[in-house]
Amino acid sequence: MGKKFLKLALLQLFAGDSLNEQLEKGKEACRRAKEMGADLALFPEMWSNGYQIPQEAEVLEKQAISAGSEFIREFAALSAELEMAIGITFLETHQPKPLNSMILFDRKGKAVLHYSKVHICAFDLEKMLSAGDGFHTAALDIGGDVIQVGCMICFDREFPESARILMLKGAEIVLAPNACPMEINRLSALRARAYENKMAIATCNYPKGYPDCNGRSTVFDGIAWLDGEPGSRDMCILEAPGEEGIYLAEINLDQLREYRRKEVMGSPYRRPETYGPLLGG
């Protein structure tokens, strides 16, 4: 039998003032998440520098790190030590401009997913960044089961195409690092993406008091109805308060997969032959 639950820890943390501070605080938080029973720990957006985006290219470049940097290698080693998957986020060295990225390490320390934000906020500070090249999924062995995982980062959630592509690629659970105020409209967008695609979406934000953030990290499990229960159900199985903390949610994989097998949203009744205008740019 497969593993019934995925225990997911959202690391809703204040960022420090240096890469080393981020490393040490992040590692401590991962250890605490493991003690809480987590199978996977997720950081907020661009944890390596606390989502700081200097508007001077030289300053920004100095803050960017590579996927093979010591900072990233430390989290790879930690995931293997703890036997816990870790989604670490960072400002990634890239030409012509840095990327807003996440690498997901499995419980053996292997990088199974490397994603860079596609829908950068080019109308604001993120005009200093390059955009990622597409949406990808990966098989994540969580010990006793393998789940299909994808990623969206912050503004990606505002585009239905992001989640739809991940659904078509088989994603069961989408990790969504975040750095912005989570209010009713953004939360509604996440709920809609989970509902439309029969997928769980886990969003990790910075706490209230961090610039332009307010906590309220969430997990929507993607299950709108359950057999034997009247009416619809609230898919939000976790909404964290504003305060800093590690917040744990359990996603029932058996229920999610049975729901995906028989319900009508997602792929079964799509009419892609009518969607030509979506490809018009």
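A salt bridge, as the term is used on this tour, is a side-chain nitrogen of Lys or Arg within 4 Å of a carboxyl oxygen of Asp or Glu. Keep that in mind, and let's start.

**Before you click.** The model is predicted, so local features need pLDDT of at least 70 and side-chain atom pairs count only at pLDDT 80 or more, while totals for chains, interfaces and linings use all residues. Residues are numbered from 1 along each chain as its sequence is written, and side-chain values use heavy atoms, with hydrogens and water left out.

**Stop 1: the whole protein.** Show the cartoon. You will find six helices and twelve strands; helices (H or I, at least four residues) and strands (E, at least two) are DSSP runs, numbered from the N terminus. The radius of gyration is 18 Å, close to the 19 Å that the globule rule gives for 281 residues, so the protein is as compact as a globular protein of that length. That radius is taken over C-alpha atoms, and the rule is 2.2 Å times the number of residues to the power 0.38. Along the principal axes, the C-alpha atoms fill a box of roughly 55 × 50 × 35 Å.

Of the 281 residues, 52% are buried. Buried means under 20% relative accessible area, exposed over 50%, and partly exposed in between (1.4 Å probe, protein chains only).

**Stop 2: Ala76.** Select Ala76, which is found in helix 3 (residues 70-82). Is Ala76 buried or exposed? With a relative accessible area of 15%, Ala76 is buried. Leaving out residues up to four places away in sequence, Ala76 touches Phe105 and Gly109; a contact means heavy atoms within 4.5 Å.

**Stop 3: Glu74 and Lys27.** Glu74 is partly exposed at 24% relative accessible area, whereas Lys27 is buried at 16%.

**Stop 4: Arg157 and Glu158.** Here the side chains of Arg157 and Glu158 meet in a salt bridge (2.8 Å, N to O). Arg157 is buried, with a relative accessible area of 3%, while Glu158 is partly exposed at 30%.

**Stop 5: Asp221 and Arg233.** Which residue forms a salt bridge with Asp221? Select Arg233: the closest N and O atoms of the pair are 3.0 Å apart. Both residues lie in the loop between strand 10 (218-220) and strand 11 (236-239), twelve residues apart. Asp221 counts as buried at 6% relative accessibility, and Arg233 is partly exposed at 22%.

**Last stop: a network.** Select Glu45, Lys117 and Glu126 together; salt bridges that share partners join them into one network. How many salt bridges does the whole structure hold? A search finds 18.
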